[in-house]
Amino acid sequence: MRARRLIDCIVVAACLAACGTDEPVQPTPKPPSTFPALDVTTVMADLDHPWDVVAAPDGTVLTGERSGRFVVRRPGGEPTAVAADLDDLFANSETGLMAIALATDFAQSRKVFTCQGFRDSQTTDIRVIAWTVDPAWSQLTRTGTVLTGLPVSNGRHGGCRILPMPDGTLFVATGDSARPTIPQDLGSLGGKVLHFDAGTGRPAAGNPFPDSPVYTLGHRNVQGLALRPGTDQIYSVEQGSSRDDEVNLLRSGGNYGWKPDRNPNRYDESVPMTDPERVPGAIAAVWSSGSSTIATASASFITGPSWAPWDGALAIGVLKGTHVRLLRLSDDGTTVVDEVAPAELDGRFGRIRTVAAQPDGSLLVTTDNGDNDVVLRVTPRASG
């Protein structure tokens with residue numbers, strides 16, 4: 001009898017070890033009957049790891065391949081390459097040409113920001129670069145380097161996402177470069193969300209740490225930033241280790257608890273994503289995946305009555321889980337009251353990198369498979 005109990009205990013322990021946690025794996029949520037049907041069309045095809053996508057006021061869609069190429073499609077036209085000087089691009093592993101964002105005054109300034117790997121004979125880092133694009137969308141011209149020194153090693157955990165604000169500042173999310181002490185080090189720009197002036201690169205007024213662009217810290221690999229419409233709430237989407245991808249509501253000066261340095265010489269990914277014991281005051285996530293991760297990679301709030309009753313939900317691109325997940329937040333934004341993965345985007349296009357909601361109510365989506373990747377446009381189908 002005792003031997004039988006011992007065998008049962010061993011079986012249970014082995015199961016828990018294989019799962020990595022005593023929580024169940026989170027299933028893909030299924031669409032409720034009230035979710036609108038979606039139409040999905042291809043905007044661009046034959047792409048190689050397109051990381052981000054933006055749409056200009058005239059309807060032109062711009063994307064960039066991680067290995068170093070800009071591609072544009074003007075309304076009614078075919079996709080074409082955009083000339084740009086990317087000779088100093090560092091593209092390796094998860095790093096390369098990553099985030100793209102239009103300045104909030106793009107219609108007047110024609111200014112574009114990118115977050116990309118950089119390498120010359122002396123330096124390898126990740127930088128925020130400013131560009132202008134000509135009216136014909138044939139060439140991007142560098143106008144300056146806004147911020148340097150975002151850490152990178154072999155390219156793993158490079159981040160990064162850019163969120164332009166109406167006041168001329170930028171929020172930029174960064175990865176921890178898979179090094180143990182960086183997320184909690186206020187002297188490093190890695191494993192952080194940064195806030196700084198888009199013109200000068202100087203820390204934004206009111207930042208929590210003197211003379212620093214750091215806005216929040218204690219992050220692993222933030223790849224999504226989104227401003228909730230009608231509020232000042234900014235959310236980050238972060239990739240977990242073996243568990244707990246996270247959606248976090250950012251608070252100025254907040255520490256989100258990633259501290260993989262029990263041995264400061266080894267990147268210890270067995271620690272919790274949010275570790276209140278070793279990081280007193282660590283802020284808990286609004287949503288987490290549990291076990292195992294699904295590899296959340298972007299965030300954008302969908303808007304418009306055609307999405308009802310999901311108007312205002314947070315859309316998330318999912319790499320490993322190969323779907324788009326929508327989270328409906330509580331009124332105060334601190335909890336998730338419902339979630340869904342629309343069937344039209346669940347497993348049909350492979351890995352989903354970026355979701356980018358548009359003013360007309362559509363959603364632009366990039367895939368990240370490396371084999372005939374695409375940019376999609378997703379639109380709720382008109383009833384009747």
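This is a predicted model: local features need pLDDT of at least 70, side-chain atom pairs count only at pLDDT 80 or more; totals for chains, interfaces and linings use all residues.
Me: What volume does the largest pocket have?
Reply: About 1,000 Å³.

Me: Which residues are closest to its centre?
Reply: Ser300, Ala356, Ala357, Gln358 and Pro359. They belong to a lining of 37 residues.

Me: Which strands each supply at least two residues of that lining?
Reply: Six are on the list: E2 (50-55), E6 (97-102), E10 (161-164), E14 (222-227), E18 (296-301) and E22 (352-357).

Me: How does the lining of the largest pocket split by class?
Reply: It has 25 nonpolar, seven polar and five charged residues.

Me: OK, the second largest pocket. How much space lies in it?
Reply: About 200 Å³.

Me: How many residues line it, and which lie nearest its centre?
Reply: The lining has 19 residues. Nearest the centre are Glu94, Asn221, Gln239, Ala295 and Leu319.

Me: And what is the lining of the second largest pocket by class?
Reply: Nine charged, eight polar and two nonpolar residues.

Me: New topic. Where is glycine 370 found?
Reply: In the loop between strand E23 (363-367) and strand E24 (373-380).

Me: Why does glycine 370 count as partly exposed?
Reply: Because its relative accessibility is 34%. Partly exposed lies between the buried limit, under 20%, and the exposed one, over 50%.

Me: What does glycine 370 touch, leaving out residues up to four places away in sequence?
Reply: Asp48 and His49.

Me: What separates the C-alpha atoms of glycine 370 and aspartate 46?
Reply: 9.3 Å. Along the chain, glycine 370 and aspartate 46 are 324 residues apart.

Notes
Residues are numbered from 1 along each chain as its sequence is written. Side-chain values use heavy atoms; hydrogens and water are left out. On a 1 Å grid over the protein atoms alone, a cavity is a set of points where a 1.4 Å probe fits but cannot get out, and a pocket is an open set with protein on both sides within 12 Å along at least five of seven lines; lining residues have an atom within 4 Å of a point. Grid points are joined across faces, edges and corners, and a volume is the space filled by probe spheres set on the points. Helices (H or I, at least four residues) and strands (E, at least two) are DSSP runs, numbered from the N terminus. Ala, Val, Leu, Ile, Met, Phe, Trp, Tyr, Cys and Pro count as nonpolar, Asp, Glu, Lys and Arg as charged, and the others, Gly among them, as polar. Buried means under 20% relative accessible area, exposed over 50%, partly exposed in between (1.4 Å probe, protein chains only). Contact means heavy atoms within 4.5 Å.
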